[in-house]
Amino acid sequence: MGKVHTLALFNNFEEAVRAIQELKGAHLPGFRIDDVVIKSPIDHPELSEMLGKRPVYVQLFTLAGAVLGGSVGFTLIASAQANFLLQIRGGRPVVPIPPDMVLTYELFILFGVLMTMLGCFIAWKLPGNRSTLYNTSISVDKIGILVRADPLVIPKINEIFARHQPLQIMGEHGR
Amino acid sequence: MIHTTDESDIEIERRFVPKAKDINEDIAWAQINKDVLRSMERPRLMYWVIFLASLALFSVGVYCEVYQYRNGLGAADLENPQVWGLYIATFIFWIGMSHSGTLLSAILHIMHADWRKPIYRFAEAMTTFSLMTAGLFVLVHLGRVWQFYYVVAYPNERWTWPNFNSPLVWDATAIGTYLTSSIVFLYFGMIPDLAICRDNAKGFRKKFYWFLSAGWQGTDRQWANFRVAYMTLACFLIPLAVSVHSIVASDFAVSQQPGWHITSFPPYFVAGALYSGCAAIITLFIILRYVFRFEAYMTMPILDKTCRLTFAIAMVWTYLNLIEYASAWYGNDEYAKQALIFRATGTYAPYWWAMNFLGSIVPFVLVFKSLRNHLPTMMVVSLLLNVGMWLERFMIITPTLAHGYYPWTWTGDWWPNWVQIGIVAGSFGWFSMLFMLFCKIFPAVSMYEVKEMVYHRFMASKARA
């Protein structure tokens, strides 16, 4: 049976914390803490920590972009210099390293920046994977807890939410 | 809760926001959204006055550029040795202006200086639009603008051989990189706010913000990736900004022209850039505070901090300016010394003295707290500082080209004509127009960061209590 979503909206941070703690301690069948998503108007690292470590891979994209930018930049410049028809250099090197480092450096940064953004978009799973359960009050001041679980467990999860004064509980088929 | 809709509400804010606090911690988050979104809907009448004045100024610039395009650079009175005129001086000015966004946004972000949060967004926008304006001068000064691609360093399928050792080639690449990175940084930092706009907009605007908000729902995974990416971008931006203005300085410093061949030029340019950028932030701070009714966010303590930062940078610039003079005076290079003497006593001497006065003496006004908290005074001072910084760039270009190695090339009586002045004025119109449009379409105050600021300060005061 496919899993379904439920979203509870809370007025403040403390109520959301208590709801997550109870969810974690409930050991419900067909429910994993990894399937819990917090939606909040500001970053709450302390709230996210309760859900366990969730890896961030953006830095790897940054590293790949920076290395790629630096190497591609230098290769392009050096190969262009090496391919000039006439090499009237007066004893100076065909590929002078110090001045080429400037453009290499700029491309190192450019690719690093672009790949960081791309990495972030990939981590956000764009353009798909947008949950239909969303409430515009999350972008104002409310905290949402989105849970994905077996349909049979959803009523129990909603019961746990209901014990912590949620403003609203939303299911995939309405409230 | 603060709701600043008219003068009486502003008076309430003045009475209830304690002077020592950067922001009122009790302000409701919903009110933050409301105030910022309202600024995009209903600014004061002054907004339209500024916008139309900018448009008029921009039109003057377009007319002058068309005139120059049809008649050639001679119509702008540009010929040897005055080949750059006001164009490159103003180009450096706009590049310098762009450094403020990086300073306020990236450096202060890394240092966790949270007072930057209500004002960094417009500083970043200033960076982007300054760079776009600076880029125009690269085209304008060519005269034959359709040949702009010659400045781009790409390999020789055209059978032209770019000189990769030339700072002019570095310049085009560095500015392109900086512009791209600044746009990415500005856009990326705005995504959570664009989601707020999406949630509150209707019709076409909703679709527009929906597309730009990139599916943002404020999930913990989104925040975690966003934080890492934003910090990474900030770390990239800082060395990039320094490299851009160092490279611009290298355009001059690596030449043999007396007056330019100075080792301290790159740090001197970077300090000058930060200085003019900070002064411009003060100007725009005061304008936006009034035009968009941001009195509750752009508070006097934040202005006070910005002024103190500007004073510190002004002193760094003054020191490096003195170093430049000392290098010429004691450097055993008679030509460089004569170029300095020409600046101080020749045709352009009044502007040289004005630059020194405005750049090094006027900032001492910022030492006085009572003056720092007086908005009209700060408006005038910030404008004067930027006049001084524009004169600095003028003094780098025109007197130096007027007094080179060969006496028969000296042009002590050269003055820019109306075409150049019109294009420079047009650039200010172009910048202001873009900036005001940005503030109307996008949130000029970062809503989510102000919420974070309010939240963390509230929690800290609660913990203290």
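A:Gln165 sits in the loop that links α5 (154-162) to β4 (168-171) of chain A; helices (H or I, at least four residues) and strands (E, at least two) here are DSSP runs, numbered from the N terminus. Its phi is near 50°, a positive value in a residue other than glycine. A:Gln165 counts as exposed because it has 12 C-beta neighbours inside 10 Å. The cut-offs, with C-beta atoms placed from the backbone, are 20 or more other C-beta atoms within 10 Å for buried, 12 or fewer for exposed, and partly exposed in between.

Before going on, a word on the model: this is a prediction, so local features need pLDDT of at least 70 and side-chain atom pairs count only at pLDDT 80 or more, while totals for chains, interfaces and linings use all residues. Residues are numbered from 1 along each chain as its sequence is written, and chains are lettered from A and ligands numbered from 1 in the order in which they are written.

A:His27 also has a positive phi, about 50°, although it is not a glycine. Its loop runs between α1 (13-26) and β2 of chain A. Here are the two residues together:

| Residue | Phi | C-beta neighbours inside 10 Å |
|---|---|---|
| A:His27 | about 50° | 7 neighbours, exposed |
| A:Gln165 | near 50° | 12 neighbours, exposed |

Now for the sheet of chain A. Its 4 strands form an open, antiparallel sheet in the order β2-β3-β1-β4, where two strands pair if DSSP finds at least two bridges between them. β2 and β4 of chain A are at the edges with a single partner strand each, so one side of each has no neighbour in the sheet. From one strand to the next, the twist averages 20°. Strands β1 (residues 4-10) and β3 (residues 143-149) of chain A run antiparallel and are joined by 7 bridges; A:Phe10 has A:Ile143 in β3(A) as its bridge partner. Helix α1(A) packs on this sheet, touching β1, β2 and β3 of chain A, and its direction makes about 20° with that of β3(A). Axes are lines fitted to C-alpha atoms, for helices over the stretch in contact, and angles run from 0 to 180 degrees between N-to-C directions.

On to the interface: 46 residues of chain A are in contact with 45 residues of chain B, contact meaning C-beta atoms, placed from the backbone, within 7 Å. On the side of chain A that touches chain B, β2 (36-39), α3 (58-82) and α4 (97-123) of chain A each supply at least two residues. α4(A) gives the most, with 15 residues. The predictor gives the complex an ipTM of 0.91 and a pTM of 0.90.

Confidence is lowest in helix α1 (residues 7-16) of chain B, at a mean of 54, and highest in helix α13 (residues 349-361) of chain B, at 96. Where pLDDT is low, the predicted coordinates should not be read in detail.

B:Asn80 and B:Pro81 are joined by a cis peptide bond, with omega about -5°, and B:Pro81 lies in the loop between α3 (45-71) and α4 (85-97) of chain B. B:Cys307, in helix α11 (residues 300-330) of chain B, counts as buried because it has 27 C-beta neighbours inside 10 Å.

Definitions and conventions: Two residues are in contact if their C-beta atoms, placed from the backbone, lie within 7 Å. pLDDT is the predictor's confidence in each residue, from 0 to 100.
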